Amino acid sequence: MEKFTKLSGVAAPFTRINVDTDLIIPAEYLKTIRRTGLGKHLFSYIRYNDDGSQKKEFILNKAHYKKSIILITGKNFGCGSSREHAVWALKDFGIKCLIGAEFADIFYNNCFKNGILPIILNQFYINRIIKKISSEKTSMLTVDLKKQIIIMDQNEVLKFKVDSYRKKCLLEGLDDISLTLNKDTLISKYEFNLKKKLPWLDK
Amino acid sequence: MLQHQSPKTLFDKIWNSHLVDKKDDVNQLLYIDLHLIHEVTSPQAFEGLRLFNRKVRQPKKTFAVPDHNVPTLNRDNIEDKLSRTQLETLEKNTKDFGIEFFPINDIRQGIVHIIGPEQGLTQPGMTIVCGDSHTSTHGAFGALAFGIGTSEVEHVLATQTLIQNPAKNMRINLEGNMPFGITAKDLILGIIGKIGTAGGTGHVIEYSGPTIQKLSMEGRMTICNMSIEAGARAGLIAPDETTFNYIKSKPRAPKKNWEEAVNFWKKLPTDKGAQYNKEEFLSVDKLDPQVTWGTSPQDVVSIKDRVPDPSNESDANRKNAMERSLEYMDLKPGTKLEDVKIDQVFIGSCTNSRIEDLREAAKVIKGKSVKTKAMVVPGSGLVKQQAEKEGLDKIFKEAGFEWRDSGCSMCLAMNADKLKAGERCASTSNRNFEGRQGKGGRSHLMSPIMAAAAAVTGHLIDVRELI
């Protein structure tokens, strides 16, 4: 997995509440057997007109925000379907970090598995960020995972929380399957006991 | 010395008994008893296994069935090349890794969350995962069942475990007798309307109380199914005699260890005095049939109500969301729900495509004719077969419904079953998101009998006027 340490770039405000993963990537684009190439379909139904042209008013179609690497989101972002394609589409578009007051559980997990950092902050701070980045001139943010801070400007820094295991995985780009495979003895022990205790589950 | 055991919830008991390793308080390694896979969220996981030359640790605890992408008509010749590739990929992957697979032409094929219970794969006390958010359905059996992403699918395939944060405990108590014409779907829509689509975030919801105890397994599955629409990680219902009776006759139920299994399952329900982080109470005595008007499952009202007015909403974000919903749905505030005309009716999905759903819907339409386009998509080949044995297919077909083969179909519109832009659908599925049932399509969620009533009248209507 790609490492996530510190990044600086344009942050786009997309503050609708309850943005579901169907909206992030509609089902018709889930027929792929690859993880890549979904960026062009990100937010497809609200990003493009029926003739395929871009909707001018959609934030990520605006020239300045096309290069966004951070997305500021509304409450309960990523709700609904478990499709990891939603995260793959964001990643393929170039988004590396999401900042919001609340994320849906499965989506939140899926982000970490793909090297994307979802940051949860109190709505008060989200509103401050939105106010700042709504002007193109001040739409840059810096996110430092090691220090767990968002640098707004020279005078203001916002702290955020992230659990230590996930932080380590992101900072070092660790593949958690190989970490778990190291626990083979523990898993085998569990399976041995299971066989004795609940034999009907032994297949 | 006797060790003091603090009272545990059903969730705590399942969680604790599946811990392989407690890394820290946040990240714990959980053993998975049953892993269900389908064609859409698994190909990239198998690709990952091959890339690192990894095996499936427990192929016999893994089970595969195609459902999301399968056509419900003319299945012998799948025209869509991408769909065909995805279906063939699942078949090849399961063959290469030694995983049991029900092919598309097998009578037992169907929606993965219908198949698990129908085959008796789903049992109390288990941990069950699938790359699909409606895995919560299996919670109706007192199993901890939740949806996961594809990276997690790969993790389970390789290790039979998952790294998870323990969820918080939430209980929703349902009391009262379900009035005539009220179904499990109305209960769960009512709950989501009350607690909102993020009301359960970070929690596992246990549904309990006398109303739940009286519900059939089908009804319990409908309720647990939509836990994810309340934001919860999973839904749970304590196993009881209803549960055991349902499982007993199923092909994969424990046979020679039956008594032993039941004795174990009986110890699972929440201990007296166990603590919940959050609790809700709902009396169902006066509940009316529920219908959604907007583009989130929490946008729900009674069929007797009117479309709400965003100008009465004080929260600015919520007001914006309501206005956008109404624009998308082409509805005006104050419109009576019963005056809303319907173009299409969809009876199906992992929420409501079981035999009980089809029986109830058939009673409503018997001897009547549809005024809309209408289709029934049974949850599995076996549900379809049973319905045909009972003559339900004839009732549906005579009324003008299309009688299709099983799959997810128009619930998520991945196959050819889609709404056209602007079409309005009375749907028994679980999500009314923008574009969910087809780009520009408008979905109203409701129970199977309410959808059946809409089909034969051409508009939303209180089904109690027809039965």
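Predicted model: local features only at pLDDT ≥ 70, side-chain atom pairs only at ≥ 80, totals over all residues.
Residues are numbered from 1 along each chain as its sequence is written, and chains are lettered from A in the order in which they are written. Local features need pLDDT of at least 70 and side-chain atom pairs count only at pLDDT 80 or more, while totals for chains, interfaces and linings use all residues.

**View 1. Chain B as a whole.** Chain B has 15 helices and 19 strands. Both are DSSP runs numbered from the N terminus: helices are H or I with at least four residues, strands are E with at least two. The C-alpha atoms fill a box of roughly 65 × 55 × 45 Å along the principal axes. Of the 467 residues, 59% count as buried. A residue is buried if 20 or more other C-beta atoms lie within 10 Å of its own, exposed if 12 or fewer, and partly exposed in between, with C-beta atoms placed from the backbone.

**View 2. The side of chain B that touches chain A.** Here 59 residues of chain B are in contact with 47 residues of chain A. Contact means C-beta atoms, placed from the backbone, within 7 Å. Elements of chain B that give two or more residues to this side include strand 1 (19-22), helix 3 (81-97) and helix 11 (316-329). The largest share, 7 residues, comes from helix 5 of chain B.

View 3. Helix 1 spans residues 10-17, with B:Leu10, B:Phe11, B:Ile14 and B:Trp15 buried. They cover an arc of only 125 degrees around the axis, which puts them on the same side of helix 1. The arc is that of the directions from the helix axis to the C-beta atoms. The buried residues of helix 1 pack against several strands of chain B, among them strand 9 (168-175) and strand 10 (203-208).

**View 4. An open parallel sheet in chain B.** 5 strands form this sheet in the order 5-4-3-6-7. Two strands pair if DSSP finds at least two bridges between them. Strand 5 (100-101) and strand 7 stand at the edges, each with a single partner strand, so one side of each is left without a neighbour in the sheet. Strand 4 (residues 62-64) is joined to strand 5 by 2 bridges. B:Ala64 stands opposite B:Phe101 in strand 5.

**View 5. The largest nonpolar core.** This core has 188 residues, and those with the most contacts inside it include A:Ile72, B:Val345 and B:Ala452. A nonpolar core is a set of buried Ala, Val, Leu, Ile, Met, Phe, Trp, Tyr and Cys residues joined through C-beta atoms within 7 Å. Helix 15 (residues 448-457) of chain B gives the most, with 8 residues. Beyond its neighbours within four places in sequence, B:Ala452 is in contact with B:Ile347, B:Ala361, B:Val364 and B:Ile365.

**View 6. Two loop residues of chain B.** B:Gly438 is found in the loop between strand 18 (424-427) and strand 19 (442-445). B:Gly438 counts as buried, with 22 C-beta neighbours inside 10 Å. B:Asn312 is found in the loop between strand 14 (300-302) and helix 11. B:Asn312 counts as exposed, with 9 C-beta neighbours inside 10 Å.

Methods: Contact = placed C-beta atoms within 7 Å.
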